[in-house]
Amino acid sequence: MRAAFDAAVERHGPTVLRVCRAVLGPGADADDAWSETFLSALRAWPDLPESTDVEAWLVRVAHRRAVDVVRRSARAPTPGGAADDLAVLGSGNYDDDDVSRVDDHWIWAAVADLPAKQRVCVAYRYLGGLRYAEIAGLVGGSEAAARRAAADGVGALRRMMETERTP
């Protein structure tokens with residue numbers, strides 16, 4: 001059991017981290033959500049049915065943990081702000097170089113600037129690999145609405161990329 005869980009962390013950890021960072025932005029909150037995702041997964045692992053799509057299940061757990069982090073931070077105000085976020089982005093101290101490179105940090109900021117529904121739909125679809133029906137179940141609404149929000153988010157990201165490339 002332990003080897004199977006360790007393999008799942010190794011295989012799906014980067015995807016879970018991408019989803020957490022897309023929902024919460026880079027930094028400690030996303031790292032906390034990642035850790036809490038795998039703590040919750042470890043507790044539930046023995047009862048997980050064999051037929052479970054582990055990656056999709058972990059993305060759903062990550063969504064719930066990210067929401068928990070947002071709720072906690074809303075209840076307990078902490079000092080910090082843009083300067084802290086810039087320090088994290090500028091430091092280049094990322095745990096997963098495949099997920100976030102210093103040269104590409106602007107894409108995380110662009111994703112964070114999307115409207116909330118577009119941001120989570122893009123994250124779940126393109127970073128988490130979920131089907132639109134699963135996304136609709138997580139964010140509420142129909143499958144078509146989830147598809148539209150993801151498409152609008154990708155369109156907005158493309159426009160931002162074009163703006164970045166234009167001098």
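Biologist: Contact means heavy atoms within 4.5 Å, so to start: which residues in α1 meet which in α2?
Modeller: This is a predicted model, where local features need pLDDT of at least 70 and side-chain atom pairs 80 or more, while totals for chains, interfaces and linings use all residues. Residues are numbered from 1 along each chain as its sequence is written, and side-chain values use heavy atoms, without hydrogens and water. From α1, Phe5, Val9, His12, Gly13, Val16, Leu17, Cys20, Arg21 and Leu24 meet Asp29, Ala30, Asp31, Ala33, Trp34, Thr37, Phe38, Ala41 and Leu42 of α2.
Biologist: What classes are in that contact?
Modeller: It has 12 nonpolar, 3 polar and 3 charged residues, with Gly counted as polar and Cys as nonpolar.
Biologist: How do the axes cross?
Modeller: The axes of α1 (residues 2-24) and α2 (residues 28-44) come within 9 Å and cross at roughly 140°; they are lines fitted to C-alpha atoms over the stretch in contact, with angles from 0 to 180 degrees between N-to-C directions.
Biologist: Left-handed or right-handed?
Modeller: The crossing of α1 and α2 is right-handed, the near helix being turned clockwise from the far one by less than a right angle.
Biologist: Whole protein now. How many helices and strands?
Modeller: There are 8 helices and 0 strands, taken as DSSP runs (H or I, at least four residues; E, at least two).
Biologist: How much is buried?
Modeller: Of the 167 residues, 39% are buried, that is, under 20% relative accessible area with a 1.4 Å probe.
Biologist: And what share of contacts joins residues at least 24 apart?
Modeller: For contacts between residues at least 6 apart in sequence, 62%.

Key. Buried means under 20% relative accessible area, exposed over 50%, partly exposed in between (1.4 Å probe, protein chains only). Contact means heavy atoms within 4.5 Å.
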